[in-house]
Amino acid sequence: MLAWEEKKAIEVAKSTELLEQRNDLDELIASFKDWIIALDKLEVQSDSDISQLPETILLKGKCGQIGLSDVGEALEILELQEGPILAGRWPLARLVGLARAEIFADALSNREIGTLQFWDFHSFGAWEAFFEQLGKRLRSDPAAQNGLWKQLDHIVTHPLKSAASYRKGALEQGINDFLIEPDIGEVWESRLESCVILDRAYLFVLASQINPAKYIEYLSRLPHPVLVQQCIDKKLGLGALHLLRDAPTAFGKNGTFLKEGTVVLSLLNSASEQCRYMAWGKESVTQPVTEEEISKLDDDLEKLRHYIHLLLEAFFTREDAQAIGWLWLERLIFEGKSRGMWSFRSHGQGMFIDPLALLINELSKKIDLRELTVPWIKEAGDLWRVNRLLAVLSVATENKTLNTEERVKLLQDLLIKVRPSFSASVDRIEQKGDVAGSIGAQYLLKIKDAEAVIEDLWSKVRRYREQAWNRDLDETPNGVAELVVLWALNALEFTEGERKKVIWCISQEMLEDAMQTEAYSFRRDFWSAALVRLCKSMKDVLTGSSEEDLEFLTEFLRPYAWPHNTFFQMVFAMQNHGIDQKMIEDAVSHWGSSLQELARHYLIIQNIRIDRGSLNPQWVKKMQLLAEYSYQ
């Protein structure tokens, strides 16, 4: 069965072709125009019975005479009914949209426009037809176009009257605050987004196609980001990239952010949405794919690379591109780290396009490395500094002038002088391709002797790890230890052979240390999850020699072979990633017990929680199978 969007696209295309082939289309639109005007006068709603209206009877008869009996049949029912969709509803919806556009253009010419009413046809292509036809009319009708500019002028002059909101007071206060002191954070993410709708914002999108310069002018006059963003197409296509060049400058001579800077930042938000759409939208290949099918992604990947190339080419023609580029990079990292819009949603395993990684890498190549990185990072609040730190590392990764010593010094300065807070969530450590982990890992691997650097970093941040343990409750703890481990684990994804084994062993040593100290802090779940993730790559570092591998695994399990959650999570992770259970049993038995005995002890210890249903039933079942024991 076709998805609704696919079915809609097919039916709208068929209806468009059917109507465009007719020589009497203009006359047909005029007839529907008269019908709609009659319905508007009667204030007809979707559930109204219009079958006996003289105008409906007349139009139905005309449709039958000219070979559109399906449309005539659908004409009597405005409201969407249960059951199969009438074949005539699709061309009827298009005719409603085309006629409504003509009515609207006439009203623009007379500077009087009422509410738009599509009844229940907007889901069947009426809105798209309206938008298309209105654009054509505006381009050919000076009077209607002049009416458009008058409408936009009214909206930007009286934004409170033009916006619908159940929090008008909050909107008015937000506008006043933003005009006094424009805030970049309010542009990226406003608390008003969910409670403000700008009436006729679609007129701005039409204006962008008719006269881009005037469109930008009106956009820059809007007094708040929540209004600007509703007047920009959600996806910034190739044909609109020129708007990035023409948008007003974002900063004054003294470096302060200007209200007009809202326009370019909002355009960049739309460009991000376009990247996501090109990677995962309805026109892209279904993902994830298997390793054997990876070539299926080539076309979509190439199109995305081309779009990003043209996007950055247009953006970096601006004089303020470097300053805005740093803001944008910081925002992209924050979104990838703390927001879900860049997360690929799939219940299956496999490979998929990562538009965020592509965009961050290409943007970082274009940005010049800052001279004073630490002061710039410290200008941000405690919780936001890590985003700037990662932005610096991303740009420095792509910088070809830094030598090894400079790279090591920069990394140490950033971790030790900034000591950023870091939200070390379990999801982050479990997710391959996490933006924070990938950026740090790629920077580390640019250093010739990355393995020694990781070890040295772990030693150098010891005192700051202790500060995080002993923090006061009102302090924000630093996350330097978590960052070092996260970067090392992600580095395993980009390496192979002996280098991978060395980094794996260093990671194991850091985690063994952390499990004796940090593991009992308020972030203990992070360290357990990190250890489980390390177990998933165990097979990659084994030699294939049964004796050597058993000795290696035995020593690895030494600190953990006792009945607790983390140990069994490690066991299951290794089993699921290619380690034979017999080898695990032999390694555990070296320390005086067996998997079966440990699993039984675990179930006994947890017996009250099992009785109360506090443990996941699937987890309990796995433990029972491991113990070959059914809990009574």
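Contact here means heavy atoms within 4.5 Å. You have a predicted model open, where local features need pLDDT of at least 70, side-chain atom pairs count only at pLDDT 80 or more, and totals for chains, interfaces and linings use all residues. Residues are numbered from 1 along each chain as its sequence is written, and side-chain values use heavy atoms, with hydrogens and water left out.

**Stop one: Arg388.** Select Arg388 in helix α20, residues 385–398 (helices are DSSP runs of H or I, at least four residues, numbered from the N terminus). Leaving out residues up to four places away in sequence, Arg388 touches Glu330, Trp376, Ile377, Glu379 and Ala380. Now show the Trp376 backbone: its oxygen is 2.6 Å from the side chain of Arg388. Is Arg388 buried or exposed? It counts as buried, at 13% relative accessibility (buried is under 20% relative accessible area, with a 1.4 Å probe and protein chains only).

**Stop two: the cysteines.** Pick Cys195, which is buried at 4% relative accessible area. Its sulfur is 16 Å from the closest cysteine sulfur, in Cys231, so a bond is out of reach. Over the whole structure, the search finds 0 disulfides (pairs of cysteine sulfur atoms within 2.5 Å). Cys275 is buried too, at 0%.

Select Asn361, Ser394, Thr397, Glu398, Ile439 and Gln442, which line the second largest cavity (on a 1 Å grid, points where a 1.4 Å probe fits but cannot get out; lining residues have an atom within 4 Å of a point). Its volume is about 50 Å³. Helix α20 gives the most to this lining, 3 residues, while α20 and α23 (435–444) each supply at least two.

Definitions and conventions. Buried < 20%, exposed > 50% of the residue type's maximum accessible area, 1.4 Å probe, protein only. Polar contact = N/O pair within 3.5 Å; in protein donor to acceptor, adjacent residues only side chain to side chain. 1 Å grid on protein atoms, 1.4 Å probe; cavity = no way out; pocket = protein on both sides within 12 Å on 5 of 7 lines; lining within 4 Å. Points joined across faces, edges and corners; volume = space filled by probe spheres on them.
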